[in-house]
Amino acid sequence: MNLGFQLHRRMERSLRTDILVPVVSVLAALVAGAVFLAVEGYDPVAVYRALVEASFTTWFGITDSLAAASPLILTGLAAALTFRMKLFNIGAEGQLYLGAIGASWAGLALAAELPRPLAAVVMLLVGAAAGALWILPAAVFRAWLGTSEIITTLMLTFVGLFLMRYLIFGGASFWRDPLATNFPQGRRILPEIRFDTFGTTRVHWGLVIGVVAVVVVWVLIRFTRVGFDMKVVGSSPAAARYAGIPVRRTIMTSLLLSGALAGIAGAAEVGGRAFALDPNGLQLGLGFTGIVVAALGRYNAWGVLIVALMLGGLRNAGTALQSVSGERVPEEVSQMLQGAILLFATGGEVFLRHKLVRRRKGAALEPAPAATPAEVAA
Amino acid sequence: MNDTALVLTIAAAVGAAIPIALAALGELLAERSGVLNLGIEGMMLVGAVTAFLVGDGTGNLWLALVIGMAAAACLALVHAFLSVTLRANQIVSGLALVIFGTGLATFIGKPIEGRPLATDLHRVRIGALADIPVLGPVLFRQDPIVYATVALAAAIAFYLNKTRPGLSLRAVGESPATADSTGLDVARTRYVHVLAGGALAGAGGAYLILAQVPSWSQAGTTSGLGWIALALVVFGSWNPWRVLFGALLFGLARRANFFLQDAGVSVPAEILSMLPYALTIIVLVVWGSRDLRRRVGAPASLGLAFARDER
């Protein structure tokens, strides 16, 4: 299709475009959202003001946004870790459910006998193990049979979702709350082993765990042998094999770590916020949103942290909007805006690597410059 | 004897198969052109909610179907622009479509949440055939879209294997560089089939609201059918007839509870719901083994962007 424009590879990337492009993308998404809101008969300025007020101006707004961001940091890292080596674990959602199942089992069965900090550690570890276990088949099939992990991780997500529903709704399940007779609920873990919250806020230890995970993933990718191997396998599996890098082991490592991170996200949700299995699993969509977070954060650990905090605010605003007086804003606005921002940012990403050049009439195709070494490494 | 639980279950399974079959046949077209569109769930929801609004407003169900298809195709256009023209990551773009489409559908559908649609698609009774025991209710007492879906699968099979544009489509999906060098317009082929895929996903969503689900609600309308449709394309190994067969199988899994309860067997509903996904993994692993992949596998360049100057 000849649109009169042509994309040309940028020879080098600059910090200016690295920052400018995402900012412009988000602004463009907000403008598009404003037009839509106006068409639907809402006052866009009032809606946006309400969004910002709900999430970022009051103490409780800010702390609630932080609490909403905590799981997104972990699922964002889970996605970033694999996406950057061109493995696509899109099943963090399911691994998160398994983490939640494992952690609530640990909380219900083991932790009553354990001292408090140890109980939290056990819950997190069991959650991590359950998350890793859930990605294990996909990882093995990918590493040994070359089966697309995109489909297998996605399918396992739904198997995990129905497993979780079965554990909540199934008659004699260990996880089911025996007291909730009207509408089945997950059995809640004892108050003594729930994660501490900070002051009167809803921010719990999950946020700290998330930030620690950011540092760990950053160090792993930046400074360790495993991280280096991942980068090479991501850019060229053939070159990696030739260089003697254990490709299968590297694929397994990154997928299992990714599953474990998502599992920890689920465990921290049980320990710090929900205290039980949540039948609304998919509606929260924490795992899928993690992919959004990773993409917007350019698959970089610190980028994930920043974007998670921003999206956490937007998600939190969804619920908070209901309590804002004046303009009656449906909370779905926040989800729609999330999607719009993601779509624009995905499109904008291309301008980090390319620039738009007007094609002159009759001019021959200019030869494209070869990829620079920096791009190959990225 | 005419309407035993088994017969009723199978007849219901045929109906349950239609929305996933429509969406999966659409996704098959997109994927055969090399574009993976994970956004089916979002497109189905938007198709469903627009179909409801139009059907509710005009009372014309066929108009509702068409507008629902058009609305979903608009979403697909966004995906095509991002993944074909801008060469963005198809996975991320597709998931963004799910999030955006779900939010959009819920937002537009807010005022009609839980309201039933006054009219319903009429079932066709095909003359005396409808009175045949067992086969009658299963095959000859369905609504027109059921028959249209079977015809569509046949048409797509014919298109892919027996026509020139179908051959071009397969070439673009297998090796866009080769297709390009023979003068085929890779971008246009991909746009056309992603849009067709979106329209069919919209048709699946519209069918749900017009014929199956009594009222609109975001969580209840598609309840993950878009993801099942995605699985179905893999399960049916990118072949329209196998996709249609798989749809019936998945439809049966969705409706089997009714029969099983009647037969006194209790299988938890959640276990049945897992089946389509678990089966897809098994099929993918078995058929995906390297020697078989050549013959029944995914289009070779599925998920990859194509740029003439960057080969």
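Biologist: What share of the 311 residues of chain B counts as buried, and what makes a residue buried?

Modeller: In this predicted model, 52% of the residues of chain B count as buried.

Biologist: How many helices and strands does chain B have?

Modeller: Chain B has 14 helices and zero strands. Read along the sequence, the pattern is α-α-α-α-α-α-α-α-α-α-α-α-α-α.

Biologist: Which share of the contacts in chain B between residues at least 6 apart in sequence joins residues at least 24 apart?

Modeller: Of those contacts, 79% join residues at least 24 apart. A contact here is a pair of residues with C-beta atoms within 7 Å.

Biologist: Why are α5(A) and α6(A) called roughly antiparallel?

Modeller: The axes of α5 (residues 116-145) and α6 (residues 149-169) of chain A cross at roughly 160° and come within 9 Å. Angles over 145 degrees count as roughly antiparallel, and therefore the name applies to α5(A) and α6(A). Their crossing is right-handed.

Biologist: Which residues make that contact, and how do they divide by class?

Modeller: From α5(A) come Trp134(A), Ile135(A), Pro137(A), Ala138(A), Phe141(A) and Arg142(A), and from α6(A) come Glu149(A), Thr152(A), Thr153(A), Leu156(A) and Gly160(A). They divide into six nonpolar, three polar and two charged. Gly counts as polar, so Gly160(A) of this contact belongs with the polar residues.

Biologist: At what angle do α1(A) and α14(A) pack, and what is the hand of the crossing?

Modeller: Helix α1 (residues 15-39) and helix α14 (residues 332-353) of chain A pack at about 145°, with axes 8 Å apart. α1(A) passes α14(A) in a right-handed crossing.

Biologist: Which residues meet there, and what are their classes?

Modeller: Among them are Val21(A), Ala28(A) and Ala32(A) in α1(A), and Leu337(A), Ile341(A) and Phe344(A) in α14(A). The contact has 15 nonpolar, four polar and one charged residues. Asp counts as charged, so Asp18(A), which is part of the contact, falls in the charged class.

Biologist: How many residues do chain B and chain A put into their contact, and which element of chain B gives the largest share?

Modeller: Chain B gives 43 residues and chain A gives 38 residues. On the side of chain B, elements giving two or more residues include α3 (61-85), α4 (90-109) and α9 (186-212). The largest share, 12 residues, comes from α4(B). By class, the side of chain B that touches chain A has 25 nonpolar, 10 polar and eight charged residues.

Methods: Residues are numbered from 1 along each chain as its sequence is written. Chains are lettered from A and ligands numbered from 1 in the order in which they are written. This is a predicted model: local features need pLDDT of at least 70, side-chain atom pairs count only at pLDDT 80 or more; totals for chains, interfaces and linings use all residues. Helices (H or I, at least four residues) and strands (E, at least two) are DSSP runs, numbered from the N terminus. A residue is buried if 20 or more other C-beta atoms lie within 10 Å of its own, exposed if 12 or fewer, and partly exposed in between; C-beta atoms are placed from the backbone. Two residues are in contact if their C-beta atoms, placed from the backbone, lie within 7 Å. Axes are lines fitted to C-alpha atoms, for helices over the stretch in contact, and angles run from 0 to 180 degrees between N-to-C directions. Angles under 35 degrees count as roughly parallel, over 145 as roughly antiparallel, 65 to 115 as roughly perpendicular and the rest as oblique. A crossing is left-handed if the near helix is turned anticlockwise from the far one by less than a right angle, and right-handed if clockwise.
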